[in-house]
Amino acid sequence: MKFENILLSLFFFIYIIEAIIQIFLLNRFIKKYVEKYWYEFLGITIIIFLFDILTYTIFAYHSSGLTYYNKWGGISIFILCCNFILWISGLIIKKRTKQLNDVNDKRIRKVPFSIIILICNVIVLFMAIQSKDKISIMTYLEQKYGDGNYKVVNISKEYSYDGIIRKYVSAYDYEIESDYMDGTFIIRIGELFPCIEADYFLPVYYSEKYNLDYELYYDDVDDRIHYDFDELEEYMKNNIKVKIEEFETEKVEIGDICTNYVQSWSNMDGIEYNPNYFIIPENYGRIPSMDELLNLLIEYYN
């Protein structure tokens, strides 16, 4: 994930610059005893604390199963600890400083460091938030199916209604192409809760591999995904029947391999885990063969 690594590196690099500025300001305060150095240091420290907590909240606490956020969470905790140490050090230095110098030091810039740092943090956080769904989807696909050179070619919005009046975005549908197949497939990610709700990678992959007719498209008229994998579903049931004659194949549905999560308002957290999600583990790392998939389905239903 090159873009993810660039953002993470930028996030970390900016903090290193911020820490250097904090140390510089503390050093000037020790040497000059100019009050403005202390307040500049304090302002930067507060900004870093606020943005670090905000970053952790957005990318780690609300991860909802998207493993990519763990990296941001880890870096956020590291920065929080370092910033806390600098803050305590600053308080100790300030307490030991009994007399302040009111001399106007020319090294104090007209534009405070805190304003520059605030702008930099806003830009990086905005970039990360704008890209988080796309990056997390790519990470999810690579961890589950291996490196297929995935590329998002289109993003559509799914809508729902609050009663019969208010229309709102309930999910985003990412159309993705891959080296594994000729056609594109769709990943749906929720808007209210950032989780992958549907994954149509395997149905498209198997349909192409076994020359089965299928349909998968986003309809702009009714703002919904439409699909038809009936031939694949029948193919799976027939092959399961060959493996285990007495197996009740009506249990198996195409949704078993493409549904990840289901939102449920009855759940306090707002998300109800679909147990079928665990048929293919998230860290599987490769595309299962049809025989492996059928064994996983049989094991799940038995």
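Predicted model: local features only at pLDDT ≥ 70, side-chain atom pairs only at ≥ 80, totals over all residues.
View A. N211 has a positive phi of about 55°, yet it is not a glycine.

**View B. N149, with a positive phi.** N149 is not a glycine either, and its phi is positive at about 55°. Here the setting is the loop between helix 4 and strand 1. Helix 4 covers residues 113–145. Strand 1 covers residues 151–162.

**View C. A salt-bridge network around R188.** E158, R188 and E197 are linked in a network of salt bridges. E158 pairs with R188, and their closest N and O atoms are 3.5 Å apart. E158 belongs to strand 1 and R188 to strand 3 (residues 185–190), so this pair ties together parts that lie 30 residues apart in sequence. R188 also forms a salt bridge with E197, with the closest N and O atoms 3.3 Å apart. Are these residues buried or exposed? E158 and R188 are buried. E197 is buried as well. The structure holds four salt bridges, and the two shown here share R188.

**View D. The K243–D291 salt bridge.** K243 meets D291 in a salt bridge, and the closest N and O atoms are 2.8 Å apart. K243 lies in helix 6 and D291 in helix 7 (residues 290–301), so the contact ties together parts 48 residues apart in sequence. Both partners are partly exposed. K243 has 35% relative accessibility. D291 has a relative accessible area of 44%.

**View E. The largest nonpolar core.** This core has 45 residues. Which residues have the most contacts inside it? They are L141, I176, F185, F201 and M236. Several elements give two or more residues each. Among the helices are helix 4, helix 5 (201–209), helix 6 and helix 7. Among the strands are strand 2 (166–177), strand 3, strand 4 (196–199) and strand 5 (215–219). Helix 7 gives the most, with six residues.

**View F. A negative surface patch.** D213, E215, D228, D230, E231 and E234 form this patch. Which element gives the most to it? Helix 6 (residues 230–243) does, with three residues. D228 is placed in strand 6 (residues 224–228).

**View G. A nonpolar patch on the surface.** Six side chains make up this view: F12, F13, I16, I17, I20 and F78. Together they have about 540 Å² of accessible area. Helix 1 (residues 2–32) supplies the largest share, five residues. I16 is in helix 1. At 34% relative accessibility, I16 counts as partly exposed.

Key:
Residues numbered from 1 in each chain as written. Heavy atoms only, no water. Patch = residues over 30% accessible without salt bridge, like charges linked within 9 Å, V, L, I, M, F, W, Y side chains within 5 Å. Areas by Shrake-Rupley, 256 points an atom, 1.4 Å probe, with all protein chains shown as cover. Lys, Arg positive; Asp, Glu negative; His and termini not counted. Charge placed at Lys NZ, Arg CZ, Asp CG, Glu CD. Helix = DSSP H or I, 4+ residues; strand = E, 2+ residues; numbered from the N terminus. Buried < 20%, exposed > 50% of the residue type's maximum accessible area, 1.4 Å probe, protein only. Core = buried A, V, L, I, M, F, W, Y, C linked by side-chain atoms within 4.5 Å.
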